[in-house]
Amino acid sequence: YQPDDDFDSHGSHVGSTVTSNGIGVAGVAPGARIMNANVFGPDAGTSVARIVDGMNWCVAQGADVINMSLGGGRTRGTATWVADSTTYTNATQAARNAGTVVIAAAGNSNTAIPNTSTGGSFLPAEATGVIAVGATAPPAATGFPFPSQAPNALFDTRAGYSNFNTGNDALGPGVRIYAPGGANTFR
């Protein structure tokens, strides 16, 4: 596959949150440049090794930030969790040592991470040194355009699908970043 293929448009969605081509969404860092390191194949599959290879490539290219809008569930304490958590933590530490910030999606399962009752976890978001990002959204009944006066509790409501930390806090107050899609794809 071509390294710039975006088979489900998710990378384009996330990229437009950061920057844009000047058409449509403005992005929060319009002067930023995006370096594409697609770690998925045409079947939408990947592996921890491919993800870490992508992280290492980004660091070698001088990336300031690595954003991984991906992840998967594991059961805390299993051999797989130990191996994967250690691998992600080591790669994240190497990136941080090089001055690169590492961000990962918290997940879209509406569950606490780590889940102390089931032992569930979500990697790489829970790896040491990774900044996990959840989603907030206005309630579905909120009309568009959204109120622009900040702060507004509508902006800081955890999206119903977003994973959250064990304190049931999605991101904390003050989030003002919007991207097409998310809780309501027609917004």
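Guide: Axes are lines fitted to C-alpha atoms, for helices over the stretch in contact, and angles run from 0 to 180 degrees between N-to-C directions. Helices (H or I, at least four residues) and strands (E, at least two) are DSSP runs, numbered from the N terminus. This is a predicted model, in which local features need pLDDT of at least 70 and side-chain atom pairs pLDDT 80 or more, while totals for chains, interfaces and linings use all residues. Residues are numbered from 1 along each chain as its sequence is written, and side-chain values use heavy atoms, with hydrogens and water left out.

Visitor: At what angle do α2 and α3 pack?

Guide: Angles under 35 degrees count as roughly parallel, over 145 as roughly antiparallel, 65 to 115 as roughly perpendicular and the rest as oblique. Helix α2 (residues 48-60) and helix α3 (residues 79-97) pack at about 5°, with axes 10 Å apart, and are therefore roughly parallel to each other. Contact means heavy atoms within 4.5 Å. Among the residues making the contact are Ile51, Val52 and Met55 of α2 and Tyr88 and Ala91 of α3.

Visitor: Is Ser121 buried or exposed?

Guide: Buried means under 20% relative accessible area, exposed over 50%, partly exposed in between (1.4 Å probe, protein chains only). Ser121, in strand β4 (residues 120-123), is buried at 5%. Its side chain makes a polar contact with the side chain of Trp81 (3.1 Å). A polar contact is a pair of N or O atoms within 3.5 Å; within protein, one must be able to donate a hydrogen and the other to accept it, and residues adjacent in sequence count only if both atoms are side-chain atoms.

Visitor: Which residues does Trp57 contact, leaving aside neighbours within four places in sequence?

Guide: Trp57, in helix α2, is in contact with Met35, Asn36 and Ala37. Trp57 is partly exposed, at 37% relative accessibility.
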